[in-house]
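Biologist: Could you take me through one part of this model closely, the aromatic pairing and the helix packing around it? Please give the cut-offs as you go.

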Amino acid sequence: ADAEIEAAAGMTIPEIFATHGEAYFRDGERRVIARLMTERGARMVIATGGGAFCNDETRALILDKGIAVWLDSDVDTLVERTARKNNRPLLQGGDAREILARLRDERQTHYCQAPIHVHSGNGPHTDTLRKILEGIDSWL
């Protein structure tokens with residue numbers, strides 16, 4: 001979804017945040033996810049960013065029309081993963097560990113509404129994929 005937002009705006013996500021602010025970005029994110037979930041007849045995987053599922057409209061649509069999987073990670077893993085790129089506007093100008101811990105805590109009430117909860121650690125991606133498929137199979 002983020003790539004579509006960037007393409008539509010002709011800007012990167014950090015540029016959108018800097019120019020228009022987070023609320024503008026979140027509204028665009030909400031519209032792109034809604035379009036992807038309702039206009040395309042094909043089944044697909046939509047990987048949303050951490051804040052997308054916190055939007056009431058987006059979360060309701062995903063829970064109604066899709067299969068929501070919460071990929072949960074501990075703060076150390078989040079710090080390691082986000083440190084790979086410097087393109088996360090919410091992590092600018094502060095301690096990444098502190099910000100990520102706060103965001104994780106604030107967002108958890110939204111995330112826990114996903115019917116499938118998978119812990120994603122630093123192991124091979126195939127381990128997380130296996131857990132996702134097992135979670136979906138159990139849920140169905």
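Modeller: Trp70 and Tyr111 are both buried, where buried means under 20% relative accessible area, exposed over 50% and partly exposed in between, with a 1.4 Å probe and protein chains only. This is a predicted model, in which local features need pLDDT of at least 70 and side-chain atom pairs count only at pLDDT 80 or more, while totals for chains, interfaces and linings use all residues. Residues are numbered from 1 along each chain as its sequence is written, and side-chain values use heavy atoms, without hydrogens and water.

Searching the whole structure gives two aromatic pairs. Rings of Phe, Tyr and Trp (its six-membered ring) pair if their centres lie within 6.5 Å; planes under 30 degrees apart are stacked, over 60 edge-to-face, and the rest tilted. Phe17 and Phe25 have ring centres 5.1 Å apart and planes at 40 degrees, so that pair is tilted. Phe17 and Phe25 are buried. Trp70 and Tyr111 also form a tilted pair, with 5.8 Å from centre to centre and 50 degrees between the planes. This pair links distant parts of the chain, since Trp70 is in strand E1 (residues 69–72) and Tyr111 is in helix H6, 41 residues apart. Helices (H or I, at least four residues) and strands (E, at least two) are DSSP runs numbered from the N terminus.

Helix H6 (residues 96–111) also packs on helix H5 (residues 75–82), at an angle of about 120 degrees and with the axes 9 Å apart. The axes are lines fitted to C-alpha atoms, for helices over the stretch in contact, and the angles run from 0 to 180 degrees between N-to-C directions. H5 and H6 are therefore oblique to each other; under 35 degrees counts as roughly parallel, over 145 as roughly antiparallel, 65 to 115 as roughly perpendicular, and the rest as oblique.

On the H5 side, Val75, Asp76, Leu78, Val79 and Thr82 meet Arg97, Leu100, Ala101 and Arg104 of H6, with contact meaning heavy atoms within 4.5 Å. By class, the contact of H5 with H6 has five nonpolar, one polar and three charged residues. Ala, Val, Leu, Ile, Met, Phe, Trp, Tyr, Cys and Pro count as nonpolar, Asp, Glu, Lys and Arg as charged, and the others, Gly among them, as polar.
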